[in-house]
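Biologist: I've got a model open and would like to talk it through with you. Could you take me around it, one question at a time?

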Amino acid sequence: MVPELVGKLTGLGAEVAVEPAAGEQADHPDEEYAAAGAVVDPDALASADVVVSVQPLEADRVAGLRAGTATLSFLPVSTRPDLVVALRDAQVTAFAAELVPRISRAQSMDALSSQALVSGYRCAIVAAGLLRRFLPLNMTAAGTVPPAQVVVLGAGVAGLQAIATAKRLGAVVKAYDVRAAAAEEIRSMGAQAIELDLETLEGTGGYAREMTEDRAARQRDLLTPYIADADALITTAAVPGRTAPMLVTDQMVRQMGPGAVVVDLAADSGGNVEGSVAGKVVRVGNAQIWGGANVPSQMPGPASKLYAQNVVNLLTLMTRPADEDGAAAFAPDFDDEIVAGSCVTHAGEVRHEPTRDALRQQGP
Ligand code: NAD
């Protein structure tokens with residue numbers, strides 16, 4: 001939560017308590033929250049009806065919640081089944097920010113999109129910072145310096161923002177995505193869409209499908225010359241519920257020229273680039289490879305503000321306003337597609353079907 005949005009929650013009829021130093025990493029001292037009408041309370045969790053956080057609470061803190069408490073945070077259900085079990089057993093109603101359905105009505109609540117926007121921008125800025133050359137064309141009396149060539153793989157929310165940012169800095173940008181609709185979006189950003197002689201891969205809900213190994217190998221072959229020519233390569237490809245697709249091998253990176261830079265946003269979810277390490281810069285051939293690790297946290301101010309706005313919009317949807325019959329209440333309507341879609345556990349049950357099936361297969 002950011003101080004400027006505390007008033008939106010109190011306006012809904014809620015009392016807001018924040019743990020001390022909750023906003024410190026985003027440059028919001030406790031006094032700002034207090035001035036905005038929140039109480040700064042080391043014991044904030046103990047009496048909460050709704051707990052809002054970025055990362056999910058760990059099991060020891062879940063155990064301290066009262067039955068019936070609701071939590072709203074990112075909650076990686078496939079990699080942290082232990083937390084899902086802890087939330088279920090504590091009778092907590094847990095909502096996962098990643099599971100908010102991608103429908104028009106939920107756009108203002110979609111934290112995956114808001115954080116991808118921050119990440120995509122950051123990737124382009126990191127590439128520009130690591131490159132030891134101009135991005136734009138410079139025509140000067142002393143001669144002409146050509147613009148940098150940037151290639152972006154994966155043109156979803158993050159990739160399109162990386163393209164837009166690199167374009168604004170003057171680079172020549174080419175981009176590729178497996179979804180057919182992406183080519184038009186890439187062109188609308190002023191970049192060149194790389195068209196490969198390969199089938200497109202549309203999944204459900206506007207997402208990509210996973211590649212077969214055969215198609216992946218052909219995609220790598222066809223992309224190699226584009227990558228060899230690039231000064232900077234930015235990769236942002238993802239497939240929901242899977243580790244990130246491996247798009248660029250060590251051999252492909254070794255074909256890049258002196259001073260080349262690779263920025264792999266997917267490094268902390270498996271990596272799009274062979275050899276990338278989340279949170280580190282490693283060298284392969286001529287290239288420095290930067291591996292992203294919790295990239296939105298590198299721009300904590302805007303990332304927090306956008307996430308807090310997503311949270312306020314979700315809580316507004318889940319709150320029954322005060323009327324002549326009574327006070328406002330947190331009362332999520334489980335018949336609502338957004339509420340039902342984002343709910344992981346409720347009343348001692350796992351509501352998210354794929355997670356319930358996965359837990360059943362693991363056995364007791
Ligand atoms: P994402 O983070 O899951 O994936 C990033 C990109 O990687 C996607 O564009 C995907 O097609 C691409 N990709 C996957 N495998 C690839 C491969 N092998 N090679 C190259 N690229 C590959 O996706 P995202 O950014 O969250 O969004 C995906 C789509 O959903 C976009 O079309 C976006 O416009 C749409 N969307 C809709 C809403 C909404 O309607 N509320 C909200 C957000 C996004």
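Biologist: Let's start with α5: how many of its 20 residues are buried?

Modeller: Bear in mind that this is a predicted model. A residue counts as buried with 20 or more other C-beta atoms within 10 Å of its own. By that test α5 is mostly covered, and the number buried is 14.

Biologist: What does α5 give to the largest nonpolar core?

Modeller: That core has 98 residues, and Ala127, Val150 and Val152 are among those with the most contacts inside it. α5 gives the most to this core, with nine residues.

Biologist: Which residue of β9 does Val150 stand opposite?

Modeller: β8 covers residues 149–153 and β9 covers residues 172–176, and the two pair in the parallel sense over five bridges. In β9, the residue opposite Val150 is Val173.

Biologist: Which strands stand at the edges of the sheet, each with a single partner strand?

Modeller: The sheet is open, has seven strands with mixed pairing, and runs β10-β9-β8-β11-β12-β14-β13. Each edge strand has a single partner, so one side of it is left without a neighbour in the sheet. Those edge strands are β10 (192–193) and β13 (281–284).

Conventions:
Residues are numbered from 1 along each chain as its sequence is written. This is a predicted model: local features need pLDDT of at least 70, side-chain atom pairs count only at pLDDT 80 or more; totals for chains, interfaces and linings use all residues. A residue is buried if 20 or more other C-beta atoms lie within 10 Å of its own, exposed if 12 or fewer, and partly exposed in between; C-beta atoms are placed from the backbone. Helices (H or I, at least four residues) and strands (E, at least two) are DSSP runs, numbered from the N terminus. A nonpolar core is a set of buried Ala, Val, Leu, Ile, Met, Phe, Trp, Tyr and Cys residues joined through C-beta atoms within 7 Å. Two strands pair if DSSP finds at least two bridges between them.
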